[in-house]
Amino acid sequence: MSDDNAGKSFIAYQGEPGAFSELACKQYAPQLTPMPCATFEDAFEAVSSGRAAKAMLPIENSLAGRVADIHHLLPGANLHIIAEYFLPVEHHLMVRPGVNMDQVKIVRSHAMALGQCRRFIRDHGLKAEMSGDTAGAARHLAEEGHDDEAVIASSLAAQHYNLDVLAANIEDEAHNTTRFLEMAREPQDADPDDGAVVTSFVFEVRNIPAALYKAMGGFATNGVNMTKLESYQLDGAFTATMFYADIEGHPAHEPVRLALEELSFFSSSLKILGVYKAARVR
Ligand SMILES: O=C(O)C(=O)C[C@]1(C(=O)O)C=C[C@@H](O)C=C1
């Protein structure tokens with residue numbers, strides 16, 4: 001069997017079993033076996049090398065905002081976005097069996113998860129400490145934690161590591177949702193006639209007056225809706241900015257084609273990351 005065939009049934013994610021990313025894999029791609037990876041780079045590499053067919057990666061959350069590392073890694077990853085998936089995220093506070101709330105002083109979790117439960121953490125006077133993923137924090141607590149420590153993670157993680165849930169649904173808002181991107185080695189462009197489509201791309205402009213205004217002009221004049229725009233610096237000199245954008249529509253549609261053409265005229269680089277079915281109408 002070739003390496004490609006060996007990896008065909010796996011979907012890579014960052015974190016340990018019980019992580020929200022694993023939950024997203026199980027819900028969106030139940031036909032594939034989730035493959036835990038220590039870092040985002042490892043998940044990208046699993047797909048590039050053929051050890052996994054796909055990767056499922058969080059890109060943004062309705063409460064805590066963007067997952068910064070993914071935005072930095074996407075442009076150079078040489079993978080393609082083939083789908084998006086919105087996972088409602090419910091957080092639970094869990095402890096070693098028998099521990100009660102009065103004993104808990106420290107809470108550990110992924111930075112994004114801590115950011116989604118700020119109110120609970122503050123109201124209970126807990127000291128927040130970051131860990132690589134929610135489920136890894138749960139495993140660590142179960143294996144070698146102390147009674148003054150708690151973890152914020154999924155109910156799947158509580159079951160997996162046999163922890164007691166002390167408080168359920170502690171996210172700051174009930175709408176707490178994380179948007180995931182499914183990535184693959186080859187593009188799988190959506191059919192232009194198959195309903196709502198998202199096109200994702202990165203582009204670079206020089207840090208000079210009106211550079212972004214000009215780059216965006218074609219989207220305004222052609223009536224193309226932009227649903228996400230993130231910027232980040234490319235070097236320590238702060239002379240060039242990379243932008244990540246999502247727009248509604250397919251490059252085969254005339255307004256999108258014209259807008260992208262105008263963008264490429266005003267930007268120093270433009271790379272389409274994926275053209276895929278919209279999971280939600282924005
Ligand atoms: O730590 C996990 O459980 C993850 O899957 C990571 C992650 C994230 O990076 O945003 C995924 C979804 C939730 O928003 C919280 C954490």
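Mentor: Start with Gln14, whose bridge partner in strand E2 is Cys37. The model is predicted: local features need pLDDT of at least 70, side-chain atom pairs count only at pLDDT 80 or more, and totals for chains, interfaces and linings use all residues. Residues are numbered from 1 along each chain as its sequence is written, and side-chain values use heavy atoms, without hydrogens and water.

Trainee: How many bridges join E1 to E2, and do the strands run parallel or antiparallel?
Mentor: Five bridges, and E1 (residues 10-14) and E2 (residues 33-37) run parallel. Strands pair if DSSP finds at least two bridges between them. Strands (E, at least two residues) and helices (H or I, at least four) are DSSP runs, numbered from the N terminus.

Trainee: Which helix does the chain cross through from E1 to E2?
Mentor: Helix H2, residues 20-28, in a right-handed β-α-β crossover. With the strands pointing away from the viewer, the path from the first strand over the helix to the second runs clockwise.

Trainee: What about polar contacts?
Mentor: Those are pairs of N or O atoms within 3.5 Å. A ligand oxygen is 2.5 Å from a side-chain N or O atom of Thr134, and one is 3.0 Å from such an atom of Gln116.

Trainee: How much of the ligand's accessible area does the protein cover?
Mentor: 100% of the 360 Å² that the ligand has on its own, by the Shrake-Rupley method with a 1.4 Å probe.

Notes:
A polar contact is a pair of N or O atoms within 3.5 Å; within protein, one must be able to donate a hydrogen and the other to accept it, and residues adjacent in sequence count only if both atoms are side-chain atoms.
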